[in-house]
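Here is a short briefing on charged side chains that pair up. Keep the structure in view as you read.

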Amino acid sequence: MGNTNSIAVKHRAGAVHGPGKKSGATSRVHQKITKDAGNRPQARKATTRKPAVKAAAAAKGSVGSSFDDFLEEEGLLQEVVAAATKRVVAWQLDQAMREQKISKTALAQRMGTSRAALDRLLDEADISMTLGSLAGAAAALGKSVRVELV
């Protein structure tokens, strides 16, 4: 899914002001302006669309393209789907372990694998996993795996 560290850096105040700087135009955005408060432009009303336009958009079901279309255009759809699937699988394994009160070490022993291999399977960020390791973890938890193409 790309380097998420670079995205986080863009949104930190240090990335705007530079390291260690706390002053500047951006930091003054949240200051209250009391002088000439009556002369400030007012925010637009939320209902700027005409009722007929709203009704037509609602009749169509949606306006614009879907998020999946956007990801497809950017070439990110497969990567995002893989990451989301891995997060769900890791969460489901974690929940089953909590319900059965099984530690990672105990589950790794049941699976006949190392704790490091289990950690990789439970790592949401590591999208590489084999069906064999997933099936082994599921069996060790008394569960089964169901894969479906849709």
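A search of the whole structure finds four salt bridges. A salt bridge here is a side-chain nitrogen of Lys or Arg within 4 Å of a carboxyl oxygen of Asp or Glu. Side chains of opposite charge can pair when their charged atoms come close. This is a predicted model: local features need pLDDT of at least 70, side-chain atom pairs count only at pLDDT 80 or more, and totals for chains, interfaces and linings use all residues. Residues are numbered from 1 along each chain as its sequence is written, and side-chain values use heavy atoms, leaving out hydrogens and water.

**A pair within helix α5**
- Asp94 and Arg98 form a salt bridge, 2.8 Å from N to O.
- They sit four residues apart in helix α5 (residues 77-100), about one helical turn. Helices are DSSP runs (H or I, at least four residues), numbered from the N terminus.
- Asp94 is partly exposed at 27% relative accessible area, while Arg98 is exposed at 57%. Buried means under 20%, exposed over 50%, and partly exposed in between (1.4 Å probe, protein chains only).

**A network around Asp119**
- Salt bridges link Lys104, Arg115 and Asp119 in a network.
- Lys104 pairs with Asp119, with the closest N and O atoms 3.5 Å apart. Lys104 lies in helix α6 (residues 104-111) and Asp119 in helix α7 (residues 115-122), so the pair ties together parts 15 residues apart in sequence.
- Asp119 also meets Arg115 in a salt bridge, 3.4 Å from N to O. Both lie in helix α7, four residues apart, about one turn.
- Lys104 is partly exposed at 33%. Asp119 is partly exposed at 29%, and Arg115 is partly exposed at 40%.

Definitions and conventions: Helix = DSSP H or I, 4+ residues; strand = E, 2+ residues; numbered from the N terminus.
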